[in-house]
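The tour goes from one selection to the next and says what is found at each stop.

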Amino acid sequence: MKADAPARAGRRRRTERARPSAFWILALVILPVISTVTRLRIVDGHKLPPHGACIIVPNHVSELDPVIVGVGVWRLGRLPRFLAKGSLFRVPIVGWLLRRSGQIPVERAAVSRQGSPLDAARLVAERGNAVIVYPEGTLTRDPDLWPMRGKTGAARMALRYGLPVIPVAHWGVQDVLGRYSHRVRLFPPRRIRIVFGDPVDLEAFRGRPIDATTLAEATEAIMVAITGLVARLRGTTPPTGRWDPAAHDQKETGRFEA
């Protein structure tokens with residue numbers, strides 16, 4: 001695997017990150033901490049489009065994942081935007097930062113006062129932003145932390161708005177903060193790698209009705225791409241079957257104890 005040269009990547013992808021925004025405040029707080037407690041390496045960062053709308057789909061093994069993925073995207077010169085719980089936008093200071101940095105509120109109800117998550121995502125797409133969506137919807141329930149069955153939100157966004165889907169995998173985050181753990185391991189610094197993949201090939205699904213069958217097949221194509229990148233980082237073969245929480249009497253959302 002070939003890592004990007006930081007200086008070269010910075011020169012090539014400086015434009016979006018260089019615009020003044022609330023991200024500068026977040027970066028000032030977060031980057032020194034991450035640089036202290038991790039040894040973060042980005043692999044194939046050139047596969048993240050330097051501009052234009054796209055959906056970034058990572059695996060999900062730790063509650064620290066959004067921070068690590070956000071830092072990786074920021075280092076490549078793009079502004080990371082997430083679909084975040086609507087309740088977070090009502091927290092003082094936190095809500096202001098989320099709004100000012102262009103994060104997308106997702107309410108529990110299908111439609112909020114501001115419209116559906118897809119409507120909000122459409123606005124971000126029209127502005128040429130990069131949106132980070134976790135297709136698993138929650139931390140993986142797989143005992144060995146492989147990507148589990150995906151939900152259809154990312155596929156629906158991609159097919160409805162014609163957006164490219166960029167798969168991302170990371171490994172090592174769970175050594176800093178384990179799945180649903182309350183213990184953060186700060187020292188020694190943990191090695192974390194993030195690898196970006198080629199856009200998921202969804203051409204076979206474009207033009208088809210966006211129904212349950214199409215969404216399920218497109219979602220599985222996305223999950224296959226993510227799983228392949230995870231296997232590349234772990235240097236091992238993934239299981240033949242994908243973990244399905246429903247088949248193991250597990251809740252689809254919320255905290256989970258193995």
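Seven salt bridges turn up in a search of the whole structure, a salt bridge being a side-chain nitrogen of Lys or Arg within 4 Å of a carboxyl oxygen of Asp or Glu. This is a predicted model, in which local features need pLDDT of at least 70 and side-chain atom pairs count only at pLDDT 80 or more, while totals for chains, interfaces and linings use all residues. Residues are numbered from 1 along each chain as its sequence is written, and side-chain values use heavy atoms, with hydrogens and water left out.

**Stop 1: salt bridges**

Select Asp-244 and Arg-149. Their closest N and O atoms are 2.9 Å apart, in a salt bridge. Asp-244 lies in the segment after α8 and Arg-149 in the loop between β5 and α7, so the pair ties together parts that are 95 residues apart in sequence. Helices (H or I, at least four residues) and strands (E, at least two) are DSSP runs, numbered from the N terminus. Asp-244 is partly exposed at 22% relative accessible area, and Arg-149 is partly exposed at 30%. On this scale, buried means under 20% relative accessible area, exposed over 50%, and partly exposed in between, with a 1.4 Å probe and protein chains only.

Next, select Lys-47 and Asp-44. Their side chains form a salt bridge with an N to O distance of 3.9 Å. Buried or exposed: which is Asp-44? Asp-44 is buried, with a relative accessible area of 9%, whereas Lys-47 counts as partly exposed at 22%.

Move on to Glu-203 and Arg-206, whose side chains meet in a salt bridge at 3.4 Å, N to O. Glu-203 is exposed at 55% relative accessible area; Arg-206 is partly exposed at 28%.

**Stop 2**

Switch to a cartoon view. The protein chain has eight helices and seven strands. The seven strands form an open sheet with mixed pairing, in the order β1-β7-β6-β2-β5-β3-β4; two strands pair if DSSP finds at least two bridges between them. β1 (38-43) and β4 (104-106) stand at the edges, each with a single partner strand, so one side of each has no neighbour in the sheet. On average, neighbouring strands are turned by 25 degrees against each other, direction ignored. Axes here are lines fitted to C-alpha atoms, for helices over the stretch in contact, and angles run from 0 to 180 degrees between N-to-C directions.

Zoom in on β1 and β7 (residues 190-196). The two run parallel and are joined by six bridges. Arg-41 stands opposite Arg-193 in β7.

Now show the helices that pack on the sheet. Helix α7 (residues 153-161) touches β2 (54-58), β3 (80-85), β5 (130-132) and β6 (165-171), and its direction makes about 160 degrees with that of β2. Helix α8 (residues 212-234) touches β1, β2, β6 and β7, and makes about 30 degrees with the direction of β6. Contact means heavy atoms within 4.5 Å.

**Stop 3**

Select α4. How many of its eleven residues are buried? Eight are, so the helix is mostly covered. The buried residues are Asp-65, Ile-68, Val-69, Gly-70, Val-71, Gly-72, Val-73 and Trp-74.

Step on to Gly-77, in the loop between α4 (65-75) and β3. Gly-77 takes a positive phi of about 95 degrees and is buried, at 2% relative accessible area.

**Stop 2: the surface**

Ile-30 sits in helix α3 (residues 23-37) and is partly exposed, with a relative accessible area of 30%.

Finally, select the whole protein chain. The chain exposes about 12900 Å², of which carbon and sulfur atoms supply 57%; accessible areas come from the Shrake-Rupley method with a 1.4 Å probe, and for residues only the protein chains shown count as cover. Of the 258 residues in the chain, 48% are buried. Among contacts with a separation of 6 or more, 77% are between residues 24 or more positions apart.
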